[in-house]
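Here are my notes on this model, point by point. Please keep the structure open while you read.

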Amino acid sequence: MNAITARIKKADPLFVPHLIRCGEWEAYYEGLLASLGTSRVVFVDFDLTAFERDALRALNEGYSQIDSRFGVPRWRIFERAYLEGGAKIDGEFRSLSGGEHLQIAYADLLRRTSLDDLVAYAAGNVPLVPGFKDFVRRLRRQGIAVVGITHGVWQIAQAVLSENGLGDLPFMANWIDEEKMEVVLVDESDGGLDKGRLVRLAHQLGLRPIAVIGDSKGDAGMARAVLELPEPGLVMARGQQCGLAAWCRAYAPSQRWILVERFDRPVKAGVDRADLLAADVIEQFLGGQ
Ligand SMILES: [Mg+2]
């Protein structure tokens, strides 16, 4: 058993993988939210939002294997099958959803590498975005919890967080079943986890989602969810060129979204916010309510 899994299994009676396997992830999520000790919550994506690198991409690059038939790394073929509408995988043309991409990419990695090695590699090669740790700490001091929602896998995300001093950050993720060595998806949605549904569920359970932070089109679901709440929250898009920023330009009211590059640098938005960090914006937003 992986060391992180062993520790969590001991500490957490609800044990996320068991519940996810049984299709009872909502019970786990409810317990997670109840343990926050506050009703105010900011949801954050991990890959390329809180994490400087996409963890799966980092692993793919670290453990790249060339496909003998096509002479290109196999992970690039998987990515094409997911991002570019389809590709030939082992002789068969396939178009993959985000969740299927996750499953096939990890299956390929785990055929050649142990999960312990992947966990150690991610911990050593996926840094946090500058300022993220202070961002989390500052919000906590204000009674605001930060909860991660990632389309990645739990063991890898936990390794990155633990390595960077945020091992106690609660989050929802897909899961690597360590007996079968395969990825178990939380639900049937495209990324294996419906981010918008998690934001809406939090609201239904009496919490106040204040903001969501993400980088990709896959985060648009939680952005839409937070904007459509009776008390709408904020959307923060990381990166000028990112898919979520494009979505915000098209669909979000201009006063409800901002651009973040790093958590230790001022956000990019209207002139009146030019000297504010992401945490300042959230505090100011709450102060003005
Ligand atoms: Mg992301």
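1. Start at the end of helix H10. Gly206 follows this helix, and its phi is positive, near 95°. Bear in mind that this is a predicted model. The angle is therefore a computed value, as a predicted model is what we have.

2. Now look at H10 itself. The helix spans residues 195–204. Which of its residues are buried? They are Lys195, Leu198, Val199 and Ala202. These residues cover an arc of only 100° around the axis, so they sit on the same side of H10.

3. Next, ask what covers the buried residues of H10. Two helices are included: H3 (25–34) and H11 (220–227). Strands are included as well: E1 (40–44), E4 (144–153), E5 (171–177) and E7 (208–214).

4. Is Ala220 buried or exposed? Count the other C-beta atoms within 10 Å: there are 23. The cut-off for a buried residue is 20 or more. Ala220 is therefore buried.

5. Stay with Ala220 and look at its partners. Set aside the neighbours within four places in sequence. Ala220 is then in contact with Leu244 and Trp247. Ala220 and Val235 are 15 residues apart in sequence, and their C-alpha atoms are 9.4 Å apart in space.

6. Move to a pair of helices. H8 covers residues 132–141, and H13 covers residues 278–287. Their axes come within 9 Å and cross at roughly 25°. Angles under 35 degrees count as roughly parallel. H8 and H13 are therefore roughly parallel to each other. Their crossing is right-handed.

7. Which residues make the contact between H8 and H13? From H8 come Phe135, Arg138 and Leu139. From H13 come Ala278, Ala279 and Ile282. By type, the contact has 5 nonpolar residues, no polar ones and 1 charged.

8. Finally, step back to the protein chain. Its secondary structure comes to 13 helices and 9 strands. Of its 289 residues, 43% are buried. Residues 24 or more positions apart account for 61% of them.

Definitions and conventions
Residues are numbered from 1 along each chain as its sequence is written. This is a predicted model: local features need pLDDT of at least 70, side-chain atom pairs count only at pLDDT 80 or more; totals for chains, interfaces and linings use all residues. A residue is buried if 20 or more other C-beta atoms lie within 10 Å of its own, exposed if 12 or fewer, and partly exposed in between; C-beta atoms are placed from the backbone. Helices (H or I, at least four residues) and strands (E, at least two) are DSSP runs, numbered from the N terminus. The arc is that of the directions from the helix axis to the C-beta atoms. Two residues are in contact if their C-beta atoms, placed from the backbone, lie within 7 Å. Axes are lines fitted to C-alpha atoms, for helices over the stretch in contact, and angles run from 0 to 180 degrees between N-to-C directions. Angles under 35 degrees count as roughly parallel, over 145 as roughly antiparallel, 65 to 115 as roughly perpendicular and the rest as oblique. A crossing is left-handed if the near helix is turned anticlockwise from the far one by less than a right angle, and right-handed if clockwise. Ala, Val, Leu, Ile, Met, Phe, Trp, Tyr, Cys and Pro count as nonpolar, Asp, Glu, Lys and Arg as charged, and the others, Gly among them, as polar.
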